[in-house]
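Reader: I'm new to this one and would like a close look at a single part of it. Could you take me through that part slowly, and then show me a few other spots?

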Amino acid sequence: CRIKNLLHSDDTQVMITALQAMDGCTFAWEDDGDTLVVGGGGGKLRVPDGELYLGNAGTASRFLTTTVNIIDAGSDTEATTVVTGNARMKQRPAGPLVDALRANGCTIEYCEREGSLPIRVTHTGKQFPGGRIELAASVSSQYVSSILLCAPYAQEPVHLVLVGGKVISQPYIDMTIAMMVQFGCKVQRIAENEYLIPRGAYTNPSEYVVESDASSATYPLAFAAITGTQCTVPNIGSASLQGDARFAVDVLRPMGCVVEQTETSTTVRGPPRGGLKALGDIDMEPMTDAFLTASVLAAVAPTSNGGVTRIRGIANQHVKECDRIAAMCDELAKFGVKTENHRDGIDVYGVALGDLAAATPSVDCYDDHRVAMSFSILACVAPRGAEIRERRCVGKTWPQWWDVLARDLGAPTAGVDPAPIAHASGKDAGGSSAGPSNASVVIIGMRGVGKTALGTAAAKALGLGFVDMDAYLEKEVGQTIPEIVNGSGWAAFREHESRLLGKALAEDYRTGHIVACGGGVVECEANRKILKDHAARGAVVICLVPNMQHVAEYLNQDKTRPAYSATSDINDVYARRIPLYAESCNYEYLVDKALLAANEEDQAGSWSVIERDFIRLVGFATGRRLNRVDIAHQSFFVSLTAPDVRDYLPAKLSQLVAGAHAIELRVDLLLGAAPFVGANLADAGVQDAFVHYAHRQFTVLRHSSSLPVVFTVRTEPQGGAFPAESDPLRVRLLRSAIQWGAEYVDVEVDAATAAEVYAARQNSLVIASYHDVTGKQLRWNEAEREFADEMLVRARSCGDIAKLISVAQSWADNLACQRFLQQHHSVEKPVIALNMGYLGQLSRVLCPCLTPVTHP
């Protein structure tokens, strides 16, 4: 059967993957993914190799709860199948359906919470007995559809009796029956709530065109209603059996819209903006999912019926992807709209558009696609719009919604840079940190670079004490530093410095402080040992990397310390100290006002940015503010491909990363900068210059965005621009990125040095990656997956997050990739797996976390 107009969504993919796991049918894509060719298995199902994980796909969970009972395990009467889902699915009710199946003779047990997934079905040989089945259908019509769809394959004809009160969403039961007829199985309705289904077998039509989703169609129609524009939705009209197809006639028309509907299309023209009417009392039981759309329209319908819309008949919406009624009450309140939450409905008190909250509300979507899409409609007329968080949740049913809203409907949408997510146990991949460190932070670096100013600011922001070692030394010794040096010489000063540094870090200021050392502290080997030992105990030692021109200008004016003879002498001193600083620290921070402004006048206001990002580094290095992406939810990062980050400034960067969760700095592509085109990377001077250039680029990016950074040096064999023979320089860059505080460092797993970088990662997370740029070696299907399995094992041995990238040869490769992810990805052990190329686009939609996106 060739299925057309099939929605490419998370729910569709979940169902396809589950059916494939049971060998229920075969799937192949044609017409560049527009047609799904399904080969039926004749009702013969096998026990899947593992759990059937369904995420938050409620429809799939209900349908498959009955379907797995059809499995014939042969002589293995102890074989079992587990049906499970995500955390929210484990809260949603499955009890009425399971009770009915148990009463019919199916062996089903709850693995965790009574009445919800996960469930374990034991294949005792009875399969699905059939006969008389009593089912409570007041919570979900999907329970009814589940039994109806499987009934032809029961051992006896099924007599289905619906009990327990009013049946919910009858139109969707009617739609199921009509669809069964199209596949060759007839259902006889022998009473209002009784159905007789004979044994039989489905016969595939040559082609089946899926009717568009009427629930999703409510959003563009509501956009027309709320904005006073016109919209036509094809393939949904009066002939549709979907309950939500009545939304335009039963909801929008009474609210003042002009509605024209044929059998196969619906057109809505809204009243002038602000002219929607309240509905008064309305029973939305036949179209419960559409109540969210109606609620946001009711929020700006202050006229007629006292400005109140009372929606009833939607009790089941308390137990959907979230408690949708509570969610609507909570989020509408952010717009200044009063509501009342009822057992089977919601009251919405409409306000004029001008009376909506003046601020920009931040809407929590509860990982519910319908909450996100509904509030995107209200945001279009709110005075200052709204921020819709968890934007990726629409992928459950309409991944392209944001494009449709902006491109087709013309809504004024714009992405935003979400607030950074602090470390939360269980929501990000591991890393080497055992938790926030309270050991004192030490700052080293040249005199005049800003150790005292930055240390004081960070201490205040993080609630720590601050110690200036020069002031501490002068107090303990009873002399100023110039007096010590002039009276006893530098050697005597270094002896005092070494003794008191050890005392400060071991006794007086061992924890809870930021300690700023003198510029020459690293000149003494004993001091370097103290600093290295302090870092080895898990503490943080940060070296401030200076712009020496700025330091020289400052020191020529500073008369409180012994002076250098000339600027050239200062540079000589710094050159001598560079390896000593590197030996003594485990983090580096570049302090250079010139990165923020070209002229001295504009640089005056740049110090606050330098302070802000230094505080960010200290928070990251100590584990207080790790700024990691929440792996429990879908996320993506934008890859910057220009040879100079400043090409994106001042405005373009914010547009490119709007809505992203992280930014990838492609360091290999920085080789395209003029000084390094054709340069000899084996030359030590060139290497030093490139590492410094990469540090400057990283710092510019830090100053320009609060998003986490993915630091990547992609080699030529893996599709990048970095020469494979320059591996020592690549490792130096990656280890430097860890010291600069990159939240994520991408390391290629086929490199012998991957383990070295992983062992040195500190609080950075290592993305261990492998890119097959041909798509011929890294394959996802069971028969060819040996190499993918091997690379996954290697990636996990040298990374916190595994990243495997191939190239799709066909649309089926996306399904195979998704099965691979379902078997191996978890919050604790994340996996990024996808296919490149045009045919691999679906895999990017389905990737569970940190999907890479290259900017236009």
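Which residues are linked with R370 in a network of salt bridges?

Author: Besides R370, the network of salt bridges takes in D11, R92, D213, D289, K320, E321, R324, D368 and K396. A salt bridge here is a side-chain nitrogen of Lys or Arg within 4 Å of a carboxyl oxygen of Asp or Glu.

Before we zoom in, a word on what you're looking at. This is a predicted model, where local features need pLDDT of at least 70 and side-chain atom pairs count only at pLDDT 80 or more, while totals for chains, interfaces and linings use all residues. Residues are numbered from 1 along each chain as its sequence is written, and side-chain values use heavy atoms, with hydrogens and water left out.

R370 and D213 form a salt bridge whose closest N and O atoms are 3.6 Å apart. R370 sits in helix α10 (residues 369-379), whereas D213 is in the loop between β12 (207-209) and α6 (214-227), so this pair ties together parts that are 157 residues apart in sequence. (Helices, H or I and at least four residues, and strands, E and at least two, are DSSP runs numbered from the N terminus.) R370 is buried, at 5% relative accessible area, but D213 is partly exposed, at 29%. The cut-offs are simple: buried is under 20% relative accessible area, exposed is over 50%, and partly exposed is in between, using a 1.4 Å probe and protein chains only.

Follow β12 and you land in a sheet. It is an open sheet of four strands, in the order β2-β3-β1-β12, and the pairing is mixed. Strands β2 (25-30) and β12 are at the edges with a single partner strand each, so one side of each has no neighbour in the sheet. From one strand to the next, the twist averages 25°. At the β2 end, β2 pairs with β3 (residues 35-40) in the antiparallel sense, over six bridges; two strands count as paired if DSSP finds at least two bridges between them. To find your place there, look for A28, which stands opposite V37 in β3.

Helix α1 (residues 10-21) lies across β2 and β3, running at about 135° to β2. That angle is taken between N-to-C directions, from 0 to 180 degrees, with axes as lines fitted to C-alpha atoms (for helices, over the stretch in contact). Contact, by the way, means heavy atoms within 4.5 Å.

Let's step back to the salt bridges. A search of the whole structure turns up 52 of them.

R702 belongs to helix α22 (residues 684-704) and E743 to the loop between α23 (727-740) and β30 (744-748), so the pair ties together parts 41 residues apart in sequence. Both partners are buried.

Two loop residues are worth a visit as well. S635, in the loop between α20 (607-621) and β27 (636-640), counts as buried at 0% relative accessibility. A polar atom of the S635 side chain lies 2.9 Å from the backbone nitrogen of L850. Leaving aside residues up to four places away in sequence, S635 touches R392, V629, H661, P848, C849, L850 and T851.

R785 is in the loop between β31 (765-771) and α25 (786-797), and it counts as buried at 7% relative accessibility. With residues up to four places away in sequence left out, R785 touches R779, W780, F820, Q823 and H824. Of these, F820 is 35 residues from R785 in sequence, and their C-alpha atoms are 9.1 Å apart.

Finally, the whole thing. The protein has 27 helices and 34 strands, and its C-alpha trace spans about 110 × 65 × 50 Å along the principal axes. Of its 856 residues, 56% count as buried. Among contacts with a separation of 6 or more, 74% are between residues 24 or more positions apart.

Methods. Polar contact = N/O pair within 3.5 Å; in protein donor to acceptor, adjacent residues only side chain to side chain.
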